[in-house]
Amino acid sequence: MLYPDQFGKDPLFPKHSDFAVVFKDELAGRGVIAYRAFSKGEIVARMAGYVVHEIRQHTLQLTPETHLYDPYFSGFFLHSCSPNISLNMVDLTIVALKDIQANNFLYMDYAETEDILFKQFPCSCGSSNCRGWVTGRKEMISGEMVQPELLNINQAMR
Ligand SMILES: [Zn+2]
């Protein structure tokens, strides 16, 4: 298991034989590689981590007020505008959106889970529908907020 024993022994937790956090390249940094294949619709793994109340690098949003800090696995999923996994932040499962061959990186769409990103960045995913710039689902390019009430969160992060 990639998770320490304190998180329990859920059989869906990622195993060392199936996944690893590895360095991809200078641009992307570290990502999660899957050593085995998954079929479209298959559950890839279940996530675990610590619940925190602020957006950090490597957190995933659970609710507007809470975020999952997982320094072992899901915190290192790379972004693609054409992702191969989807995250369910209610039951913490990860589902394959397409057939995934062994030895491929897992890619999520950060806008699927995040209202606001820790940091926006230019996208180089190369997919035909690439948005070019990655933001949270509720923020505009450059961090301007779509909804005025979210301004407080943005200011608190500075
Ligand atoms: Zn992209």
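**View 1. Strand 1 and strand 2 run antiparallel and are joined by 6 bridges.** Strand 2 covers residues 29-34. Here, strands (E, at least two residues) and helices (H or I, at least four residues) are DSSP runs numbered from the N terminus. The bridge partner of Val21 is Val32, in strand 2. This is a predicted model, in which local features need pLDDT of at least 70, side-chain atom pairs count only at pLDDT 80 or more, and totals for chains, interfaces and linings use all residues. Residues are numbered from 1 along each chain as its sequence is written.

**View 2. Three strands form an open sheet in the order 1-2-10, with antiparallel pairing.** Strand 1 (19-25) and strand 10 (104-105) are the edge strands, each pairing on one side only. Two strands count as paired if DSSP finds at least two bridges between them.

**View 3. Lys138 lies in the loop between strand 13 (133-134) and helix 2 (151-156).** Lys138 is partly exposed because 15 other C-beta atoms lie within 10 Å. A residue is buried with 20 or more such atoms within 10 Å of its own C-beta, exposed with 12 or fewer, and partly exposed in between, the C-beta atoms being placed from the backbone. The C-alpha atoms of Lys138 and Glu114 are separated by 8.0 Å, while the two residues are 24 residues apart along the chain.

**View 4. The whole chain contains 2 helices and 13 strands.** Of its 158 residues, 26% are buried. Among contacts (C-beta atoms, placed from the backbone, within 7 Å) with a separation of 6 or more, 53% are between residues 24 or more positions apart.

Note on methods. Contact = placed C-beta atoms within 7 Å.
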